[in-house]
Amino acid sequence: MADGNVMTNDDAVQRAREMIAPADRVVVFSGAGLSAESGIPTFRDEGGIWERYPPEDFATVPGLVRTFLVRPDRVREFVWEAVRDVTQAEPNPAHRAIAELEQRRSVAVVTQNVDGLHREAGSKTVHELHGTLYALQCTRCGRELDVSRAELRDLADRLVQPLPKLGARTRLIRLILPMVRRCASCRGRMRPAIVFFGEQLPEEAWSAAVAACRACQAMLVVGTSALVHPGAMLPALAHDVGAKVVVVTLDPTFAVSWADTIVVGPAAEVVPSILQAVR
Ligand code: OAD
């Protein structure tokens, strides 16, 4: 932390409230830990997604294509788990407390999550830095198409069964075909509107996020290891313009130069406890 004070967690919660209360403009910067209590696993915690599905094989387009060629059933399993978890999840009390704060403050949510839970909780200004599972985007003309929860559920249902040994790749392509359908405008290939490693962030979301961070007076950073760039530089940006930066994490070793206070605890408890006191 910036000032190196030693505090109990209750002190830290109180301090977090005092830092956010005077701010008219608040940014919430969220990561996978925010949705952990909605049942979606995080990436880098023990037993997390990248432990079971190494990012070099599943989180880059070339890696995923290679894995598809060699072990198609692992790709099926990866997509099935991700889609199933997201379609089964509901916003938790932290998502809802963040959405409710909009009634009392100007709030911009900048999220790395692709699960749509901020919007579902009612947040209106949401910049999805890593895209969303609830949309497809044309790889040629950029046109976006909404995907419903029902469509994602259908996809998860189709992917439950392991692939047959013979013709596994063809079968998998057939199962995911609606997600890589032809664009109605240009006939280009569509794909889920999510960002893989090595890809550009959606430009609009990124510029809006930077503008919000430059203009905010307080930032609440929730459930992120803050390791993935460029998103990870946003809290430092807010700190540099004088915003108070409050972190909520489960990681007791979390240490960064830009945090003004760190509260260690589950987001679904800690975030409402901080924000509901901000009247
Ligand atoms: P990580 O898995 O890297 O970090 C999750 C953080 O949330 C950790 O610091 C945990 O301590 C904390 N955490 C876990 N459960 C929590 C809880 N219940 N309450 C509060 N905190 C909790 O996830 P992200 O930082 O979101 O990108 O990962 C960033 C990006 O890396 C993802 O968007 C994804 C991934 O690779 C792409 O795939 C492009």
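Analyst: A residue is called buried when its relative accessible area is under 20%, exposed when it is over 50%, and partly exposed in between, judged with a 1.4 Å probe and the protein chains only. The model is predicted, so local features need a pLDDT of at least 70 and side-chain atom pairs count only at pLDDT 80 or more, while totals for chains, interfaces and linings use all residues. Numbering starts from 1 along each chain as its sequence is written, and side-chain values use heavy atoms, with hydrogens and water left out.

Let us begin with Val-70, which lies in helix α5; helices (H or I, at least four residues) and strands (E, at least two) are DSSP runs numbered from the N terminus. Val-70 counts as exposed because its relative accessible area is 63%. Together with Val-61, Val-65 and Leu-69, Val-70 forms a nonpolar surface patch with about 350 Å² of accessible area. Accessible areas come from the Shrake-Rupley method with a 1.4 Å probe, and for residues only the protein chains shown count as cover. Patch members have over 30% relative accessible area and no salt bridge, with like charges joined within 9 Å and nonpolar side chains (Val, Leu, Ile, Met, Phe, Trp, Tyr) within 5 Å; a salt bridge is a side-chain nitrogen of Lys or Arg within 4 Å of a carboxyl oxygen of Asp or Glu.

Next comes Thr-60, placed in the loop between α4 (55–58) and α5 (61–70). The side chain of Thr-60 reaches the backbone nitrogen of Gly-63 at 2.9 Å, a polar contact, meaning a pair of N or O atoms within 3.5 Å; within protein, one must be able to donate a hydrogen and the other to accept it, and residues adjacent in sequence count only if both atoms are side-chain atoms. Leaving aside residues up to four places away in sequence, Thr-60 touches Pro-55, Phe-196 and Phe-197, where contact means heavy atoms within 4.5 Å. Although Thr-60 and Glu-199 are 139 residues apart in sequence, their C-alpha atoms are 8.4 Å apart in space.

Arg-187 is not a glycine, yet its phi is positive, near 65°. Most residues other than glycine have a negative phi. Arg-187 is classed as exposed because its relative accessible area is 51%.
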